[in-house]
Amino acid sequence: MDLAGARTLLDRALDDARAAIPAAADLDALDALERRLTGKRSPAAAVNEAIKGLEPADRPVAGQAVGAYRAAVLELLEARRTELAAARAGSRLEQERLDLTRGGRGRRRGHLHLVTQVRQELEDVFVGLGFQVAEGPEVETDWYNFEALNMPAHHPARSMWDTLYVRLGGPEEVLLRTHTSPVQIRVMEGRRPPIYTVMPGRCYRRDTLDARHSPVFHQIEGLVVDRGITFGDLAGTIEAFTRAYFGEGHTARLRPSFFPFTEPSAEFEVTCIFCEGNGCSVCSGTGWIELGGCGMVDPNVFLAVGYDPEEVSGFAFGFGLERMAQMRYGIDHIKTYFENDVRFLAQF
Ligand code: PHE
């Protein structure tokens, strides 16, 4: 073999390597190729073997040619090894993959309780009318629930609210608030007019459960105090939110009534949607459902919080949230709100 023969041999072997190595199917095939192209019986070994028989000047040239060939082959082998190793790791991951998407039953998310939805919706309506939202405690003192609302001790009007007392303080001093009106007092105590605030919250009464009454229920209270507020503002506000909540075309009426903390006072009623005004068990045969009370803030209430009734006037209202939703959705018994039957709750 002369130098030219050695070169031809190595060039062919390198062509062979360039074709075969990238096509090797797996690491075993690569190992076999490595033996064939660089091992004891490879062209490289054959050239090495022949070097001693070459012209002395050609020997280093042939040696370098073998070195270059080896380096090129090893580079090709290394590249293919890396490729195959990556593919093998990938397919192993694929094989061992756990299909968690089918592992469990789908869980449905819950949603807000209807009463909470109603409350938020009404808050939105009132915020749209320019009101702020405030809250107060459910456990109240006699002062906030009665006394400051123009009902001194032993006032006969206290019997309008069957009260649940808490064993705290003196006898009948601490109670579960029977309405959201005590929050009016707290709001007024804390700041000066003008006041445009609604106060939603839970209330308690020693009531027997029937279609419309529950010992635990929710109200939303409204209070406006400013200069020159009139009964017309009250009626207009009630009209505005009745339409916003029940939709256009729904009728409501104000009937003269009595509350110690408002004068004059009125009851706010809507036509019973169950009998369309003909009288049924839900509306106790009257055709109307009472939603709440309202009226012009009594001067004595202003005096209790240090406002001057000569300077400011205002109106207040308080409505039951459960009843409002009963009227809008046709829920015939108030107990369905807290029976926790998902077939009912899921409907809203
Ligand atoms: N607090 C009264 C009730 O629960 C309702 C009401 C609120 C009446 C505000 C007048 C003014 O019955």
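Strand β10 gives three residues to the shell around the ligand, the largest share; strands here are DSSP runs of E with at least two residues and helices runs of H or I with at least four, numbered from the N terminus. The model is predicted, so that local features need pLDDT of at least 70 and side-chain atom pairs count only at pLDDT 80 or more, while totals for chains, interfaces and linings use all residues. Residues are numbered from 1 along each chain as its sequence is written, and side-chain values use heavy atoms, with hydrogens and water left out.

**The ligand site**

The ligand is surrounded by 15 residues, with H179, S181, R205, Q219 and G318 the closest, where a residue counts as near if one of its heavy atoms lies within 4 Å of the molecule. By class, this shell holds six nonpolar, seven polar and two charged residues; Ala, Val, Leu, Ile, Met, Phe, Trp, Tyr, Cys and Pro count as nonpolar, Asp, Glu, Lys and Arg as charged, and the others, Gly among them, as polar.

| Residue | Ligand atom | Distance |
|---|---|---|
| H179 | nitrogen | 2.9 Å |
| S181 | nitrogen | 2.8 Å |
| R205 | oxygen | 2.9 Å |

Of the 330 Å² of accessible area that the ligand has on its own, the protein covers 94%, as computed by the Shrake-Rupley method with a 1.4 Å probe. The elements that give two or more residues to the shell are α7 (181–190), β6 (216–226), β9 (288–297) and β10 (313–320).

**Domains**

The domain assignment, which is automatic or taken from a database, divides the protein chain into domain 1 (3–96) and domain 2 (114–345). The centres of domain 1 and domain 2, taken over C-alpha atoms, are 92 Å apart.

**Backbone features**

Most residues other than glycine have a negative phi, and most peptide bonds are trans. H154, a residue other than glycine, has a positive phi near 70°, and its place is in the loop between α6 (142–145) and β3 (165–166).

Technical notes. A polar contact is a pair of N or O atoms within 3.5 Å; within protein, one must be able to donate a hydrogen and the other to accept it, and residues adjacent in sequence count only if both atoms are side-chain atoms.
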